[in-house]
Amino acid sequence: MKTRYFLSLLFLFFLLTVQAEKHALIIAIGDYPESGGWQDIAGDNDAQYIEIALKKRGFLASNISILKNEKATRAVILAALKNINNNIQKGDVVYIHYSGHGQQILDDDGDEMDELDEAIVPYDSPIYYKSGTYEGDLLIRDDEIGDYTLAIRKVLGKNGQLVLVLDSCHSGTGTRGRGKARGTNILMAPE
């Protein structure tokens, strides 16, 4: 009787695991526009390696979205996050990867002890603050990322999985020796 019960549970677990779909969004920016002031980095090279690794883990090519360089604008990134949320179900697996620059910006809602939000830098976000012209509205703040991932987690439920990898700011120097660092000490704020 115990063996039959155990096999029934094992079959049910296998059935639930097989039904889960795997979805991925890879955002990889390395060739920022010269007009934006950002130094080029190798972030766009990461896309192919991440895609290969995901396919080896059972992600279908049809469920992997890749936004590289000029395709990774703020509007397109946010639309892709909404699209993931619209295409997942309870129990699915979601992997989101960002490789590119990071920047700090003045906190806009009072939730940061250092009064700075951290942000990822889409392709269309310039590096410098210009009062009345550009004040960081194309950056994607940590609060926004939190809102999108929370919405995804709610759909996935307690059995779903969400993995978010942010390869930005100055993390590049930790593994790339004297290579180009990701990020800046230029604050998106007025003097």
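So, salt bridges: there are 3 of them in this structure, and please keep in mind that we are looking at a predicted model. Let me walk you through them.

I'll start with Glu51 and Lys55. Their side chains meet in a salt bridge at 3.2 Å, N to O. Both residues belong to helix α2, which covers residues 46-56, and because they sit 4 residues apart there, about one helical turn separates them.

Next up, Arg74 and Glu144. Here the salt bridge is 2.7 Å, again N to O. Which parts of the chain does this pair link? Arg74 is in helix α3, residues 74-87, while Glu144 is in helix α4, residues 142-156, so these are distant parts of the chain, 70 residues apart. As for accessibility, Arg74 is at 18%, and since the cut-off for buried is under 20%, Arg74 counts as buried.

And now the pair on the strands: Asp117 and Arg141. Their side chains form a salt bridge at 2.7 Å, N to O. Asp117 lies in strand β5, residues 116-120, and Arg141 lies in strand β6, residues 140-141, so the pair ties together parts that are 24 residues apart in sequence. Both Asp117 and Arg141 are buried.

To recap, friends: we have Glu51 with Lys55 inside helix α2, Arg74 with Glu144 linking helix α3 and helix α4, and Asp117 with Arg141 tying strand β5 to strand β6.

Key
Residues numbered from 1 in each chain as written. Predicted model: local features only at pLDDT ≥ 70, side-chain atom pairs only at ≥ 80, totals over all residues. Heavy atoms only, no water. Salt bridge = Lys/Arg side-chain N within 4 Å of Asp/Glu carboxyl O. Helix = DSSP H or I, 4+ residues; strand = E, 2+ residues; numbered from the N terminus. Buried < 20%, exposed > 50% of the residue type's maximum accessible area, 1.4 Å probe, protein only.
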